[in-house]
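Subject: Structure handover

Hi,

Here is the structure I promised you. Please open it and keep it on screen while you read on.

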Amino acid sequence: MPIRISSAINGFRRAGVAHPSTPTVYPDGHFSEAQIKQLKAEPRLAVEFGDFETDAAETTDPADQGADQAGAVEPGGVPGDLNALTVNDLRTLALDMGIEGGSGMKKADLIAAIQGADLSAATGDDTEA
């Protein structure tokens, strides 16, 4: 059954795909069962199954995947280039990551907090400094 996915953060990566914020329909069989489970479990993605009426712009060709990686978010949830994100996108990301006080931070402070939180998650270190 076809699957339609849209992302809260444009370019957010899951299951080997940088998902756009606009709904995109993928053909039946595009994702494995394990990938579908991962996609459904991700709160930053809206995942729907069904027979969708689509126009050509909404349907994706598997060969096109990876063509546009601008703003792509890596599996850890943090984009490679945080400077490319808007302050609002950074605040949303900080909120999603559980960073307190993000709504009052400036862009540089948000980037530092997100990078610090991502580093702590990657190393398994959840202690306060």
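Below are my notes on the sheet, the salt bridges and one lysine.

Keep in mind that this is a predicted model.

An open sheet is built from 3 strands, in the order 4-1-5, with antiparallel pairing. Strand 4 (24–26) and strand 5 are the edge strands. Each has a single partner strand, so one side of each has no neighbour in the sheet. On average, neighbouring strands here are turned by 25° against each other, direction ignored.

Now look at one pairing. Strand 1 and strand 4 run antiparallel and are joined by 3 bridges. In strand 4, Y26 is the residue opposite I3. Helix 1 packs on this sheet and touches strand 1 and strand 5. The direction of helix 1 makes about 125° with that of strand 5.

**The salt bridges**

Side chains of opposite charge can pair when their charged atoms come close. How many salt bridges does the structure hold? There are 4.

One of them links the side chains of R4 and E48, at 3.0 Å from N to O. R4 sits in strand 1 (residues 3–7) and E48 in strand 5 (residues 45–49), so this pair ties together parts that are 44 residues apart in sequence.

Another salt bridge joins the side chains of E42 and R14, at 3.1 Å from N to O. E42 is in the loop between helix 1 (33–41) and strand 5, while R14 is in strand 2 (residues 12–14). The pair therefore ties together parts that lie 28 residues apart in sequence. Both E42 and R14 are buried.

E42 has a further partner. It forms a salt bridge with R44, where the closest N and O atoms are 3.3 Å apart. R44 is buried, as E42 is. Through shared partners, salt bridges join R14, E42, R44 and D96 into one network.

**Lysine 107**

Finally, find K107 in helix 3 (residues 107–123). Its relative accessibility is 30%, so K107 counts as partly exposed. Which residues does K107 touch, leaving out those up to four places away in sequence? They are L82, N83, L85, V87 and L90. Take N83: it is 24 residues from K107 in sequence, but their C-alpha atoms are 8.2 Å apart in space. Then take L85: its backbone oxygen lies 2.9 Å from a polar atom of the K107 side chain.

Best wishes

How values were computed
Residues are numbered from 1 along each chain as its sequence is written. This is a predicted model: local features need pLDDT of at least 70, side-chain atom pairs count only at pLDDT 80 or more; totals for chains, interfaces and linings use all residues. Side-chain values use heavy atoms; hydrogens and water are left out. Helices (H or I, at least four residues) and strands (E, at least two) are DSSP runs, numbered from the N terminus. Buried means under 20% relative accessible area, exposed over 50%, partly exposed in between (1.4 Å probe, protein chains only). Contact means heavy atoms within 4.5 Å. A polar contact is a pair of N or O atoms within 3.5 Å; within protein, one must be able to donate a hydrogen and the other to accept it, and residues adjacent in sequence count only if both atoms are side-chain atoms. Two strands pair if DSSP finds at least two bridges between them. Axes are lines fitted to C-alpha atoms, for helices over the stretch in contact, and angles run from 0 to 180 degrees between N-to-C directions.
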